[in-house]
Amino acid sequence: MQVLQVQLEVGPDPAEVGRARRWARSRLAGSGIGEDEPLAETLVLLISELVTNAVVHTGCPAVLRMLFGGGGVRVEVADASDRPPRPRHAEGEDTNGRGLELVDGLADRWGWQREGAGKSIWCEVDRAPAVEAVAPASPGRVWC
């Protein structure tokens, strides 16, 4: 199985999240995943959440990696902080605290691992097999 990996270095600035989203969209399009596909929208949202967590909660630069192959896409965000991710639960109108809940709900799998002196948080989204459209059977006319 052939796997294509692309990566982007992200600075410790919340403005970098928008740059990471734009970069991801262009790489997804280059891999044959159209920007209007639900898969692309899901991946961009996941990338936005993971990069935001890295730059906001660690204050460290990060590396965003996307790996294409095996019927899906793996997203990894590595940073220099050794603190493990900590899911939080937002209440009511809170504007923060939903990131890892979104990742858990949207990704097929996710987790984290130590990487060097820091960590890497990853998620995987499977590419659904194409479903052929089947025309509905038209009611037949009955002639008497």
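Me: What makes E2 and E3 a pair, and in which sense do they run?
Reply: In this predicted model, E2 and E3 are joined by eight bridges, in the antiparallel sense. Two strands pair if there are at least two bridges between them, so E2 and E3 count as paired. Within this pair, Leu-64 stands opposite Val-77 in E3. The hairpin of E2 and E3 has two residues between the strands, and Gly-70 takes a positive phi there, near 65 degrees.

Me: What other partner does E3 have? How many bridges join E3 to E5?
Reply: Eight bridges join E3 to E5, and the two run antiparallel. Ala-78 stands opposite Ser-120 in E5.

Me: Which residue stands opposite Gln-113?
Reply: Ser-120 in E5 stands opposite Gln-113. E4 and E5 are antiparallel, with seven bridges between them.

Me: What is the order of the strands in the sheet?
Reply: The order is E1-E2-E3-E5-E4. The sheet is open, has five strands and pairs them antiparallel.

Me: Why do E1 and E4 stand at the edges?
Reply: Strand E1 (4-10) and strand E4 (109-115) each have a single partner strand, so one side of each lacks a neighbour in the sheet. From one strand to the next, the twist averages 15 degrees.

Me: What packs on the sheet?
Reply: Helix H1 (residues 16-30) does, touching E1 and strand E2 (62-69). The direction of H1 makes about 160 degrees with that of E1. Buried residues of H1 include Trp-23, Ala-24 and Leu-28. The buried residues of H1 pack against E1, H2 and E2. Just after H1 comes Gly-32, with a positive phi of about 95 degrees.

Me: Why is E3 called largely enclosed?
Reply: Eight of the eight residues of strand E3 (residues 72-79) are buried, so the rest of the structure largely encloses this strand. Both faces of E3 are covered. Gly-72, Arg-74, Glu-76 and Ala-78 are buried on one side. Val-73, Val-75, Val-77 and Asp-79 are buried on the other.

Me: What explains two sets of residues on two sides?
Reply: In a regular strand, side chains alternate between the two faces of the sheet.

Me: Why does Asn-53 count as buried?
Reply: Its relative accessibility is 16%. Buried means under 20%, so Asn-53 qualifies. Asn-53 is found in helix H2 (residues 38-58). Leaving out residues up to four places away in sequence, Asn-53 touches Thr-58 and Leu-100.

Me: Are Cys-60 and Cys-123 buried or exposed?
Reply: Cys-60 has a relative accessible area of 17%. Cys-123 has 1% relative accessibility. The cut-off for buried is under 20%, so Cys-60 and Cys-123 count as buried.

Me: How many disulfides does the structure hold?
Reply: The structure holds zero disulfides. A disulfide would be a covalent bond between the sulfur atoms of two cysteines.

Me: Which elements make up the protein chain, and in what order?
Reply: There are three helices and five strands. From the N terminus on, they run β-α-α-β-β-α-β-β. Of the 144 residues in the protein chain, 39% are buried.

Technical notes. Residues numbered from 1 in each chain as written. Predicted model: local features only at pLDDT ≥ 70, side-chain atom pairs only at ≥ 80, totals over all residues. Heavy atoms only, no water. Helix = DSSP H or I, 4+ residues; strand = E, 2+ residues; numbered from the N terminus. Axes fitted to C-alpha atoms, helices over the stretch in contact; angles between N-to-C directions. Contact = heavy atoms within 4.5 Å. Buried < 20%, exposed > 50% of the residue type's maximum accessible area, 1.4 Å probe, protein only. Disulfide = S-S within 2.5 Å.
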